[in-house]
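Here is a short briefing on one protein model. Look over the fold first, then read the notes below.

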Amino acid sequence: MPVDQTCVTDLYEPTARTGCRPLLADPDDLTVVHSPVVDLADGSVTGWTAAARFPGTATPDVWFAAAHDAGLAAPLQALLLQTALARRPATGRLHVAVDPWLLGAPVVHTALRVPLVGVVLELTDANVDDEAALLRRCTVLRERGAALAVPAALLHRLPQLPADVVLLPAPLVAGLAGDERRTAIAVGVVAYAAAAGATVLADGVETDAELQGLLEAGVHAARGWLVGPTADGYGPAAPRVVRTLRDRALRSGTDATVAGLLRPVRTWSPGRDDRQLTPPVLVLDEAGHPATLSLVDARTGAWFEAPVPLVLPVDTPVAEALHRALARRPALRFDPVPCADATGAVVGLVRVEDLAGAAAAR
């Protein structure tokens, strides 16, 4: 979608801000780069954040401040929105920041007159003069398909804002790990988001310690130098962080099921000559299915055979597995339980005492 030049004509004005040549000497002076937004549950990229870049040494904050001083904040905001929304990613969501007080400006309204499904409009933490008008505008934008991301500080001042995403600012994220007060705030924001049906996105993640602190606080998503660099296109997340998050997800999923509690099991089937195996031994029938368990009486040292009324899939949740094991008849209640993979092959045993310990720890 071409940029509407009527929105940006007034940007070609001189400014006193050092490093900002006339706003703008050319509309192509504003370019858009993207940084990935990463789901902390599994390391997947859920979208990208669009950010403005300008020529010269002045930072984007300086350019936007210069536009504000010159009375050109709305046209520059509209140019950013138009440029970002004109080229969206094929998959995932596009996050674009917008000052809440500019949502009522005609040029910004025009820039947003496009399909907004898959767009996350991120309100900045700016002062709001007309709260009722902002609420109406946000409601309309959501009805048109946009999701709203709202800074935690703005929600504190205006809790009735309909947030789909709650933003944790970079200054809070910095030094989060090991800081009980910062962690308490993050945990509180996560609790609020859960009650509101929203997710939490942390900004400016730069260190492994910060990432670990976010994981411990239960934050849902993150962006920043550590998790994925800014690029001209729609780049991937940092491979090292993705591996860390995926490994963590795998461990978490395993720990929640009997797969993380398996002990080795020896099997014996009809036709084998050697039965001299160390117990416990799982005896298979002619079809290869578990038939009995050969166990040893701890008091007498004598072998005995116990039937196998229960075989658990390895992805059975710990709590469910414990319930099913204890539901067996009393004589068998504390016998180990065979566990099978998706093909039905037995891959190990789980002990009832291990199930009870894992359930108590969760």
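What percentage of the 362 residues in the protein is buried? Buried residues account for 41% of the 362. The model is predicted.

**Overall fold**
- The protein has eleven helices and 15 strands.
- Take the contacts between residues at least 6 apart in sequence: 58% of them join residues at least 24 apart.
- The accessible surface of the protein is about 18,100 Å². Carbon and sulfur atoms hold 55% of that surface.

**Helix α10**
- Helix α10 spans residues 318–326.
- Its buried residues include V318, A321, L322 and A325.
- These four sit on the same side of α10, because they cover an arc of only 100° around the axis.
- A319 and H323 are exposed. Both lie on the face of α10 turned away from its buried side.

**I185 in helix α7**
- I185 belongs to helix α7, which runs over residues 180–196.
- The relative accessible area of I185 is 47%. Buried requires under 20% and exposed requires over 50%, so I185 counts as partly exposed.
- I185 and A152 are 33 residues apart along the chain. Their C-alpha atoms are separated by 9.8 Å.

Technical notes
Residues are numbered from 1 along each chain as its sequence is written. This is a predicted model: local features need pLDDT of at least 70, side-chain atom pairs count only at pLDDT 80 or more; totals for chains, interfaces and linings use all residues. Side-chain values use heavy atoms; hydrogens and water are left out. Helices (H or I, at least four residues) and strands (E, at least two) are DSSP runs, numbered from the N terminus. Buried means under 20% relative accessible area, exposed over 50%, partly exposed in between (1.4 Å probe, protein chains only). The arc is that of the directions from the helix axis to the C-beta atoms. Contact means heavy atoms within 4.5 Å. Accessible areas come from the Shrake-Rupley method with a 1.4 Å probe; for residues, only the protein chains shown count as cover.
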